[in-house]
Amino acid sequence: MEGLSDLLAKVDTQFLGFPSPTAPRIMAGGHPCQGIYWTPKGQRPKAAFIATHYNVDFSEHYIAPYLATRGFGFLGWNTRYRGFEDQFLLEHAIVDIGVGMRWLREQAGVETVIILGNSGGGSLMGAYQGEALAPTMSQLLPEAARESYESLPAADLYVSLNAHQGRPEVLTDWMDASVVDETDPIATDPELDPFNPDNGPPYSQEFITKYRAGQKARNQRITDWAKAELKRLNAAGVPDRLFPMFRCWGDLRMMDGAIDPSDRPTPMCYRGHPAVANRTPSIGRANNLKTWLSMWSLETSKCQGRPHLEKFTLPSLVVQGMADTGVFPQDARDIHSFIGSEDKSLELIPGAHYFEDSPEVRNNMASLVCDWARARI
């Protein structure tokens with residue numbers, strides 16, 4: 001089986017950098033929208049994937065050479081928020097994704113565009129497609145950018161690949177419900193502490209129910225504070241502020257493999273042992289108030305998956321690796337159930353979050369995705 005170096009020898013790459021309708025090129029030279037377009041060597045494919053994340057650089061995405069050597073283009077695309085999660089605003093990210101989509105349609109000669117929603121990018125790309133079908137946030141943008149937002153080019157196919165349901169959903173699922181003071185990384189309610197051996201694992205259904213309610217309550221407490229604090233600051237002429245967040249590797253499924261069973265090892269999360277990872281800065285570790293309300297809040301964020309997925313009419317594929325330690329089988333089943341399309345499929349297959357298990361596992365996943373897409377072009 002071909003290794004990565006063999007694949008890279010068979011592809012061409014092109015760096016792209018463009019301004020956005022709501023962000024110019026900065027004085028130092030960097031463009032807000034950047035990415036790399038991967039293609040089969042010497043070819044100009046008529047079908048291409050595009051993948052973007054909230055803050056992770058996807059330009060060199062691991063799947064790119066696997067798709068390009070199977071005859072597809074792949075645009076690993078970044079918005080202005082790559083590496084700047086604390087400043088994220090959904091409406092501007094969607095505008096930036098539209099720049100990449102238009103380039104594929106108008107410059108690259110792509111006739112079939114396939115959105116690839118991977119990891120956290122699943123809900124972001126789902127939100128893009130949902131807004132392209134029925135825009136709801138154009139009023140949040142400067143007037144000069146609204147026409148661009150209201151004419152976003154939609155994709156033709158959608159692939160969800162080890163994707164979280166949405167940004168507020170995954171953060172809340174991962175939150176340590178035993179936090180009692182958001183300004184103190186130590187203060188803990190022992191009755192809700194998932195790392196207190198008196199509570200489990202294994203966890204009782206009573207504890208699971210109480211813990212899940214505590215996670216949602218924690219999200220709401222931060223939301224209530226963020227709204228009040230933003231109002232207070234704005235009244236004093238201050239537009240926003242940063243605040244830290246602690247202890248967000250507390251999903252009970254990371255410790256107890258009997259909850260939503262799969263092939264994953266436990267205890268384990270993307271950062272190693274959850275008890276250790278939970279004490280270190282991680283997902284959502286810093287936010288502007290507006291970013292919290294735009295990205296993480298269960299009450300106010302439009303980065304939730306279901307409302308966008310329900311708008312879908314395009315053929316959709318949901319792929320879930322059964323050894324993933326941060327996305328679980330029920331997440332994939334829920335995403336599949338939310339999608340409004342008649343042509344939709346769910347595939348639960350071997351593999352970890354990035355299918356880093358082996359070249360064979362990655363190749364099998366890539367063949368599954370490409371075969372599905374090819375059958376619908």
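**Stop 1: the second largest cavity**

Three nonpolar, three polar and five charged residues line the second largest cavity. The classes count Ala, Val, Leu, Ile, Met, Phe, Trp, Tyr, Cys and Pro as nonpolar, Asp, Glu, Lys and Arg as charged, and the others, Gly among them, as polar. Select His 164, Gln 165, Glu 169, Val 170, Asp 173, Trp 174, Asp 251, Arg 253, Gly 326, Phe 328 and Asp 331 to show this lining. Helix α6 gives the most, four residues. The space here is about 50 Å³.

The model is predicted: local features need pLDDT of at least 70, side-chain atom pairs count only at pLDDT 80 or more, and totals for chains, interfaces and linings use all residues. Residues are numbered from 1 along each chain as its sequence is written, and side-chain values use heavy atoms, with hydrogens and water left out.

Some terms for the tour. On a 1 Å grid over the protein atoms alone, a cavity is a set of points where a 1.4 Å probe fits but cannot get out; a pocket is an open set with protein on both sides within 12 Å along at least five of seven lines; lining residues have an atom within 4 Å of a point. Grid points are joined across faces, edges and corners, and a volume is the space filled by probe spheres set on the points. Helices (H or I, at least four residues) and strands (E, at least two) are DSSP runs, numbered from the N terminus.

**Stop 2: the largest cavity**

The whole structure holds three cavities of 30 Å³ or more. The largest has about 50 Å³ of space. Select its lining: Gly 122, Ser 123, Gly 126, Ala 127, Tyr 158, Ser 160, Ala 163, His 164, Gln 165, Gly 305, Leu 309 and Ile 335. Colour α4 (121–133), β6 (157–161) and α11 (305–309); each supplies at least two lining residues. The largest share, four residues, is from α4. Five lining residues are nonpolar, seven polar and none charged.

**Stop 3: the largest pocket**

Now the pockets. The largest has a volume of about 470 Å³. It is lined by 23 residues; select Asn 55, Val 56, Arg 167, Arg 271 and Ile 283, the closest to its centre. Helix α6 (residues 167–174) brings the largest share, three residues. The lining splits into nine nonpolar, nine polar and five charged.

**Stop 4: the second largest pocket**

This pocket has a volume of about 250 Å³. Of its 14 lining residues, Gln 165, Asp 173, Arg 253, Asp 331 and Asp 334 are the closest to its centre. Show α6, α7 (205–235) and α12 (329–338), each supplying at least two lining residues.
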